[in-house]
Amino acid sequence: MQEPVPADPQVVRPSLVQLTHIIYGLHAIAVLVGVTSAATVAGGFVFGLPSLIAVFINYLKRSDVNGTWLESHFRWQIRTFWFTFLWLVIYGLLVITLIGIPIAWILIALLGLWVAYRVIRGWVALADTRPVG
């Protein structure tokens, strides 16, 4: 049986909070894969199965969190994914030029740190039951 949707935007169904924790966990796994493998953090985040599943769930359940404090977390997670994808495209364009390779390597390192920061900051805010961003 599905839980009723509360009228107060500060009160959300516990199952949605738990789902948001799971989504952050999937993103964290993708970051960890990027750190511990030959892939980059950003590459593991955007192209790794855990993050792809997480973003799919974000889009699937986004309407369930509209008007609640969890909406900011879903927006945060989706934007992190797509901005990372955009910067990876820029990285790809830089890396194919001889002059852009040093800039590309700096960019990919900074992008990995930024992704890890976004996952950690969002998850900490969720643990504190507050919006993010």
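Author: Start at Ala 39. Its relative accessibility is 37%, so Ala 39 counts as partly exposed. (Buried means under 20% relative accessible area, exposed over 50%, and partly exposed in between, with a 1.4 Å probe and protein chains only.) This is a predicted model: local features need pLDDT of at least 70, side-chain atom pairs count only at pLDDT 80 or more, and totals for chains, interfaces and linings use all residues. Residues are numbered from 1 along each chain as its sequence is written, and side-chain values use heavy atoms, with hydrogens and water left out.

Ala 39 sits in the loop between α1 and α2 (41-47). Helices here are DSSP runs of H or I with at least four residues, strands are E runs of at least two, and both are numbered from the N terminus. Setting aside neighbours within four places in sequence, Ala 39 is in contact with Gly 34 and Gly 44. Contact means heavy atoms within 4.5 Å.

Now step back. The chain has five helices and zero strands. Of its 133 residues, 41% count as buried. Its C-alpha atoms fill a box of roughly 55 × 25 × 25 Å along the principal axes.

Next comes a helix pair. Helix α1 covers residues 14-36 and helix α4 covers residues 70-95; they pack at an angle of about 20°, with axes 11 Å apart. (Axes are lines fitted to C-alpha atoms, for helices over the stretch in contact, and angles run from 0 to 180 degrees between N-to-C directions.) The angle therefore makes α1 roughly parallel to α4. Under 35 degrees counts as roughly parallel, over 145 as roughly antiparallel, 65 to 115 as roughly perpendicular, and the rest as oblique.

Which residues meet? From α1 come Leu 16, Val 17, Thr 20, Ile 23, Tyr 24 and His 27; from α4 come Leu 70, His 73, Phe 74, Trp 76 and Gln 77. By class, this contact of α1 with α4 has seven nonpolar, four polar and no charged residues. Ala, Val, Leu, Ile, Met, Phe, Trp, Tyr, Cys and Pro count as nonpolar; Asp, Glu, Lys and Arg as charged; the others, Gly among them, as polar.

Stay on α4. Ser 72 is found in this helix. At 8% relative accessibility, Ser 72 counts as buried. Leaving out residues up to four places away in sequence, Ser 72 touches Pro 131 and Val 132.
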